[in-house]
Amino acid sequence: MPKEYRPYHPDQLLLLPPSLHDWLPDHHLAYFVSDVVDSFDLRDIEAGYEDETRGAPPYHPAMMVKVLVYGYCTGVYSSRRIARHVLEDVAFRVLAAGNTPDFRTISDFRLRHLKALTGLFEQTLRVARKAGLLKMGHVALDSTKLRANASKHKAMSYGRMKTDEARLAAEVAAMLKQAAATDAEEDRRYGRDVSGDELPAELRRREDRLRKIREAKAALEAEAQHRAATDQGDPPPPGQAPPPAKATPPDKAQYNFTDPQSCIMRNADGAFIQGYNAQVVVDAHHQLIVAADVTAQPADSCHLVPMVQAVRETTRRRPRRLSADAGYYSEANVTATAVRGIDLYVAVRKQRHNRPVEPAPRGRIPQHCSVKDRMDRKLRTKLGRAIYRRRKAIVEPVLGHIKAARGFDRFRLRGLQKVQGEWTLVTLAHNICRLFGARSKVQGVLRPVFG
């Protein structure tokens, strides 16, 4: 007797049209993303289409936001990959509801509304606060170096620019002289009114390279002049113009031709990359990111105060406690006005792994102790060690999950402003995934939050 199998008829037609909601389990992430986006205020995005009367009707902004956000939640960042998933992936097809925007439409939508899309980050935090998932009792600050959409081999130092500029200028002059001689010979042979060939391709390549090097050299010189003017000492007497700043970039100053606003920096593995420095502040209660930013400054010490200010802007609250590693310590940081009232736990020096921390001396802190010594003694107490130990369990798993689990290890966009918007989209997706884990608390507050 032959084996009996379940029915399988690939060519069978459906008698009734299927429902999109039958294609996925009831508690799928795609449905949660749809509910969250439906609760968002998308008027800033919709306003861009109100006055458009030409052409075909655009795709619905809510659908485009859902597809884009769900892509970031599932580690699909490329517009081409998102467009392919809209055709092939069930969850994307459910969110698109039969629409099939191509990759250029998705890419243009992201670039056009990047600023409005980053505003959804704060709306997500409002949902979390309404659901009781945002406590702001202990927040942790950390950073990660992410590769830019540019190769470090496309960077050139100021010293090499000066050398190559002189070499290319001499080569271009020699080729132009040779071209002039060739033109004169052809004029004598064929006559002046006969059109000649175009400029040799080799000469065009050298002229283009020379032009780009001169533009990059001028950009580095302008940056050095601006820095010199900013760092000048006492202002001149009233009515007297300040002397012009004279500064030359150091020979090691780098300029990348693909993404000039990125810079070469060392990542956690010790390797040099062409990239950006991404910052996050994470709330301990539910590991939600409450502030995010990207800069081209490799050092972290200059970011503590701006990130604390960003936390207040996004949450409208001041954290009770903040911890950060030694890269963020400076006396100016821990005594700044912006951090007053916050219980700070910022390491003053790097501590090797598996090396025990010496306990703090017993008794009161002497009055002559410096700010650094006071912070050091605070972190060496039993309570201070316990609080600071939580830092790596709060913020480091978040960065690891973004880079390893979701595969976001480099930026797709170029330029600091676009990179900042892309990083905000990544952190927005992380927060939505965290809210999805507590969806029983969130579902009831989605509609009332934004009406």
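## Exercises on a predicted model

Helix α3 gives the most to the lining of the largest cavity, with three residues. Keep in mind that this is a predicted model.

**Exercise 1. Find which residues line the largest cavity, and what kinds of residue they are.**

Step 1. Count the cavities: there is one of 30 Å³ or more. The volume of the largest cavity is about 30 Å³.

Step 2. Name the lining, which is made up of Met64, Val67, Leu68, Ile106 and Phe109.

Step 3. Look for the elements that contribute. Both α3 and α6 (103–112) supply at least two residues each.

Step 4. Sort the lining by kind: five residues are nonpolar, none is polar and none is charged.

**Exercise 2. Work out how the rings of Tyr70 and Phe92 are arranged, stacked or edge-to-face.**

Step 1. Begin with the total, which is eight aromatic pairs.

Step 2. Take the geometry of Tyr70 and Phe92: the ring centres are 5.0 Å apart and the planes meet at 75°, so this pair is edge-to-face. The cut-off used here is over 60 degrees.

Step 3. Tyr70 belongs to helix α3 (residues 61–73) and Phe92 to helix α5 (residues 90–96), so the pair ties together parts that are 22 residues apart in sequence.

Step 4. Check burial. Tyr70 has a relative accessible area of 7% and is buried; Phe92, at 1%, is buried too.

**Exercise 3. Describe the pair Phe408 and Trp423, and find the cluster that holds them.**

Step 1. The ring centres of Phe408 and Trp423 lie 6.2 Å apart with their planes at 40°, so the pair is tilted.

Step 2. Phe408 is in the loop between α16 (396–405) and α17 (416–437), while Trp423 is in helix α17, so the pair ties together parts that are 15 residues apart in sequence.

Step 3. Both Phe408 and Trp423 are buried.

Step 4. Widen the view: Tyr72, Tyr77, Tyr276, Phe408, Phe411 and Trp423 form one aromatic cluster.

**Exercise 4. Find which rings have Arg112 and Arg439 over them.**

Step 1. Go to Arg112, whose charged end sits over the ring of Tyr49, 4.6 Å from the ring centre.

Step 2. Go to Arg439, which lies over the face of Phe436 at 4.3 Å from the ring centre.

**Exercise 5. Locate Met136 and Gln287 and decide whether each is buried or exposed.**

Step 1. Recall the background: most residues other than glycine have a negative phi.

Step 2. Compare the backbone angles with that. Met136 has a positive phi of about 60° without being a glycine, and Gln287, also not a glycine, has a positive phi near 55°.

Step 3. Find the loops. Met136 is between α8 (120–130) and β1 (138–147), whereas Gln287 is between β5 (272–283) and β6 (289–295).

Step 4. Apply the cut-off for buried, under 20% relative accessible area. Met136 is buried at 2%, and Gln287 is buried at 19%.

Terms used. Residues are numbered from 1 along each chain as its sequence is written. This is a predicted model: local features need pLDDT of at least 70, side-chain atom pairs count only at pLDDT 80 or more; totals for chains, interfaces and linings use all residues. Side-chain values use heavy atoms; hydrogens and water are left out. Helices (H or I, at least four residues) and strands (E, at least two) are DSSP runs, numbered from the N terminus. Buried means under 20% relative accessible area, exposed over 50%, partly exposed in between (1.4 Å probe, protein chains only). Rings of Phe, Tyr and Trp (its six-membered ring) pair if their centres lie within 6.5 Å; planes under 30 degrees apart count as stacked, over 60 as edge-to-face and the rest as tilted. A charge sits over a ring if NZ of Lys or CZ of Arg is within 6 Å of the ring centre and within 35 degrees of the ring normal. On a 1 Å grid over the protein atoms alone, a cavity is a set of points where a 1.4 Å probe fits but cannot get out, and a pocket is an open set with protein on both sides within 12 Å along at least five of seven lines; lining residues have an atom within 4 Å of a point. Grid points are joined across faces, edges and corners, and a volume is the space filled by probe spheres set on the points. Ala, Val, Leu, Ile, Met, Phe, Trp, Tyr, Cys and Pro count as nonpolar, Asp, Glu, Lys and Arg as charged, and the others, Gly among them, as polar.
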